[in-house]
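User: I would like to go through the strand pairing in this model. Could you take me through it?

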Amino acid sequence: MDFELSEEHRMVERMVYDFARNEILPSIREHDRNGTFPHELLPKMAAQGFMGICLPVRYDGAGMDFISLGLLSEGLEWADSSVRETIAVHLGLHALPIFQWGTEEQKERFLPPLATGENIACFGLTEPGAGSDVAAMTSRARKEGDTYLVSGEKMWITLSDVADRFLVFAKTNQEEGTRGITAFLLERGWAGLTTGTIKGKMGVRASNTGWINMDEVPVPESHRLGEEGEGFKIAMSCLDNARYTVAAGAVGLMKYCLEASVSYARQRRTFGQPIGDHQLVKQLIAQMKQRIDLGELAVRKVGWLKNQGMRNTRETSMAKWYCTESAFATASDAVQVHGAYGYSDEYDVERHLRNSKSAVIYEGTSQIHQLMQADYEFGNRTDRPLRCEMPGYDPEFWQN
Amino acid sequence: MNIIALVKQTPDTAQLSASMDGVKLSAEGGPRIVNPWDEYTLETAIQAREEHGGKVTALCLGPPEAADALKTALAMGVDEAVLVSDPAMAYSDSLTSARILVAAIGKIGTFDLIVGGRAAIDGNTAATTVQVAALLGVPLVSYVAELRNLDPADRTISAVRLLEKARETVTSRLPALITVVKEINEPRYPSLIGIRKAARASIPVWTCADLGLDATEVGSNASGVEWQSELPPLREANIEMIDGGPEDAARTLVDRLIEEKVI
């Protein structure tokens with residue numbers, strides 16, 4: 001058993017945190033205040049290879065492993081959740097599913113522009129009336145010749161107004177429930193496809209969140225991902241990727257909150273001493289560190305399972321549930337340590353608190369994850385083998 | 001071109017852990033980084049190689065863990081890296097460090113250009129690179145903010161020096177040693193492909209024996225300067241109340257700000 005990061009991982013970690021400190025932090029507060037998307041970061045992230053960090057070099061990725069994806073997510077969310085969300089969605093919910101489920105022709109065609117950031121991609125599963133209850137979706141697709149006509153509305157879609165590639169899910173068979181769902185790869189500019197942005201979010205204001213409207217969008221058969229009726233399995237496997245980045249990102253958010261709290265508790269004095277000398281403040285600091293250490297262990301274990309090519313749905317769900325709830329508690333405690341100043345956006349901890357609330361809702365609410373964990377224990381839920389499993393990390397394949 | 005980049009590993013001053021009373025600085029066990037000025041060193045050397053071809057060798061004197069700084073240099077794109085490290089070299093002052101570096105440069109072989117940072121953020125003497133140039137007998141162009149013309153064929157370098165109240169353009173023959181300031185470029189981040197290569201690289205470590213140096217020629221015994229202690233600068237803050245009406249108070253305030261060289 002080895003809990004140490006490799007030298008390569010430590011270098012990735014340092015580089016990502018340097019990037020976050022130098023490129024994201026200086027401008028993210030203004031983006032958050034104004035609710036603007038930091039478009040200027042995308043070419044910088046692409047130049048560093050972030051957009052395809054764990055895709056094989058043969059598809060123009062950086063050829064790194066899943067631990068590196070976790071470290072990237074952690075470092076980006078240390079600065080702001082919105083930037084990590086871009087990686088979670090673009091890579092975890094769009095590019096990696098193509099790598100897992102796509103034909104070789106689809107991988108060679110679609111992955112390189114995603115890995116280099118030439119295309120930015122999103123994922124459309126949630127609908128106005130269907131979130132965790134995926135079977136309730138009303139988006140539908142009917143086939144005419146070798147073309148599908150896709151209609152429906154997707155809601156709460158990260159990057160909807162920024163992306164030019166869309167992985168969306170629609171029912172090709174209305175009678176079959178989740179087994180009637182099929183996945184499609186749409187492109188901006190296609191007839192009948194429109195997008196918009198949702199305003200007034202509590203947090204992740206520097207991320208773009210919106211809707212996708214599809215009105216009889218013609219989708220060629222070459223853009224169907226997987227088989228007809230395989231969409232639900234594809235969607236759930238996508239979540240195994242994205243939930244991992246969400247959990248890792250939550251660890252980064254907690255690390256920022258702890259660093260800020262320790263620094264503030266050293267400087268701020270009350271009753272003649274630094275507040276860090278007060279026992280109840282020490283307790284808050286200790287609890288933050290406890291959550292970080294446990295969360296990091298959960299995340300690293302999932303990264304290891306992914307590298308081994310072992311199914312990790314249960315462990316990923318656990319890490320996501322624990323880390324996002326811990327991040328919400330930690331950010332709240334960090335605001336508490338900062339007192340009144342923490343309640344103002346002069347300090348970053350209030351932004352982290354607002355951001356942290358979103359992650360206990362998306363990618364499966366905490367309640368869904370608790371149901372999942374209980375169902376595993378009662379034997380009501382087992383993970384059956386998939387037609388296309390995500391392969392384990394093989395440096396020979398990934399780097400050549 | 002054969003380019004040597006002088007790199008030092010330093011404590012991360014942004015993360016020095018001050019004790020609760022704020023009077024002691026602790027670098028022991030804290031994170032260590034590439035001296036921030038040397039990030040500009042590395043970028044300058046790599047850009048020169050990219051433009052003129054050749055090879056960049058990063059050279060670092062320090063404890064074994066300083067190999068991390070050289071890994072960063074490799075990940076940024078230097079071709080080779082050498083660590084000079086020997087327990088006997090500990091506590092060398094800047095002149096002794098310069099002598100060691102000159103011995104290592106002699107072992108690397110011929111060079112056209114040596115690049116260093118304007119100072120290291122730990123000792124902040126800005127002396128070692130100057131002494132290296134003097135011991136090698138090559139021209140020194142310090143505080144370089146811009147490379148106007150680097151001409152390996154003509155064996156000349158033209159650079160703009162950033163001085164306190166002037167920018168000075170200097171032309172020197174090659175080989176030369178330049179020290180750079182942060183205005184010269186924007187250092188790149190290590191690339192992921194560079195990180196993969198660097199993590200696999202084995203960095204040679206040269207000891208006193210490899211450099212033909214006797215243990216008595218290096219380290220604290222050979223050094224004239226000894227560092228007693230390192231403390232954060234004292235911070236003096238006063239509150240001064242200005243009496244009088246708004247106009248008089250404003251006038252006094254402006255006078256005081258001018259006096260204190262704030263405006």
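**Strand pairing in chain A**

Analyst: Strand E4 of chain A runs antiparallel to strand E5 (residues 181-187) of chain A, and 7 bridges join them. This is a predicted model, in which local features need pLDDT of at least 70, side-chain atom pairs count only at pLDDT 80 or more, and totals for chains, interfaces and linings use all residues. Residues are numbered from 1 along each chain as its sequence is written, and chains are lettered from A in the order in which they are written.

User: What counts as a strand, and when do two strands pair?

Analyst: Strands are DSSP runs of E with at least two residues, numbered from the N terminus. Two of them pair if DSSP finds at least two bridges between them.

User: Which residue of E5(A) stands opposite A:Leu167?

Analyst: That residue is A:Leu185.

User: In which sense do E1(A) and E4(A) pair?

Analyst: Strand E1 (residues 121-124) of chain A pairs with E4(A) in the parallel sense, over 4 bridges. A:Cys122 stands opposite A:Phe166 there.

User: How many residues of E4(A) are buried?

Analyst: 7 of the 7 residues of E4(A) (residues 165-171) are buried, so the strand is largely enclosed by the rest of the structure. Buried means under 20% relative accessible area, with a 1.4 Å probe and protein chains only. Both faces are covered, with A:Phe169 among the buried residues on one side and A:Val168 among those on the other.

User: Changing topic, what does E3(A) pair with over 9 bridges?

Analyst: E3(A) pairs with strand E7 (residues 209-220) of chain A in the antiparallel sense. A:Glu153 stands opposite A:Asn213 in E7(A).

Notes. Heavy atoms only, no water. Buried < 20%, exposed > 50% of the residue type's maximum accessible area, 1.4 Å probe, protein only.
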